[in-house]
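Hello,

Here is the structure for you to look over. My notes follow below.

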Amino acid sequence: MSMAASLQPLVINPHTYEPVLRLDAPYQNIIIIPPRMEDVEPSVVVLNDPEVYPWMGIGGPDNPYTKENAQVWIERVKTVSDGILREIKLRNNREETGFQVDGYIGIERGTWAEIIELEERQRLVNANHRMEVGDKELWWQIGYYLSPTHHSQGTMSAAIGALINKWAIPRMGAKKIRATSFNGNRGSMRAMQKNGFVLAKTLEGCVQVQGEEAKRDLRILEWSLGAD
Ligand SMILES: CC(C)(COP(=O)(O)OP(=O)(O)OC[C@H]1O[C@@H](n2cnc3c(N)ncnc32)[C@H](O)[C@@H]1OP(=O)(O)O)[C@@H](O)C(=O)NCCC(=O)NCCS
């Protein structure tokens, strides 16, 4: 079996061994690729956009979001991602240029950032970390954002669907995924609901967003394999 076939549905660049997850039509011009340090500059632009940063959720990026913030974050996720790529004998050495980075989508083990009680949060995170990949009780968590130039075109709904169906289920054995969203973030709520997430609970007055008087409600959404 060729490497490309065994790693289906990832398409492997035959020269660089870089994996590419392409969205289905009509979003076939959009690809999800591993994080690279070149993502620092575009992520700083998007994460300082007033249509993006007020919605970035609990435990989200600093505001203003600096180049240093972006370097720390991307180094962190790149280290994890590069480790996984090494395990499956792929690389992250994109040589091509000329494509635009317009957003981010990531999946990691549950962080329970909404739990204010630190000991309780750590207990949940640790118990979740001890579980083997594929365990039916293991919680994954997704997060994402998109440049406003691309909002409301169905892109993130398609990207969430691709990440779950083409990567998280077949390659990670994911059975449970959670996500959080501020009250009023219709785009995020809809994108998740269209992919089978359901509202698990609302934490009222949970988060203070800079420059706003009233605290925002936070919604916890959950997805379970085979539930929809
Ligand atoms: C949330 C976000 C990623 C959604 O991405 P998107 O590609 O615009 O979403 P989609 O186009 O797939 O839209 C999904 C649904 O939400 C609706 N929607 C999208 N943006 C909307 C907005 N600003 N206001 C109201 N509805 C919106 C779409 O019409 C669609 O609804 P429908 O299926 O009922 O027609 C994007 O708005 C964003 O980056 N926002 C700022 C950062 C953020 O909120 N990140 C997530 C934190 S939880």
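A backbone N or O atom of Gly-154 lies 2.6 Å from an oxygen atom of the ligand, and a backbone N or O atom of Met-156 lies 2.9 Å from a ligand oxygen. A polar side-chain atom of Lys-194 is 2.7 Å from an oxygen of the ligand. (A polar contact is a pair of N or O atoms within 3.5 Å.) Alone, the ligand exposes 910 Å², of which the protein buries 78% (Shrake-Rupley areas, 1.4 Å probe).

This is a predicted model: local features need pLDDT of at least 70, side-chain atom pairs need pLDDT 80 or more, and totals for chains, interfaces and linings use all residues. Numbering starts from 1 along each chain as its sequence is written, and side-chain values use heavy atoms, without hydrogens or water.

The structure holds two aromatic pairs (ring centres within 6.5 Å; planes under 30 degrees apart are stacked, over 60 edge-to-face, the rest tilted; for Trp the six-membered ring is used). Trp-73 and Tyr-104 are edge-to-face, 6.0 Å centre to centre with 70° between the planes. Trp-73 lies in helix H3 and Tyr-104 in strand S4, so this pair ties together parts 31 residues apart in sequence (DSSP runs: helices H or I, at least four residues; strands E, at least two; numbered from the N terminus).

Tyr-104 and Tyr-145 have ring centres 5.7 Å apart and planes at 20°, so they are stacked. Tyr-145 lies in strand S5, so that pair joins parts 41 residues apart in sequence. Trp-73, Tyr-104 and Tyr-145 form one aromatic cluster.

Regards

Notes. A polar contact is a pair of N or O atoms within 3.5 Å; within protein, one must be able to donate a hydrogen and the other to accept it, and residues adjacent in sequence count only if both atoms are side-chain atoms.
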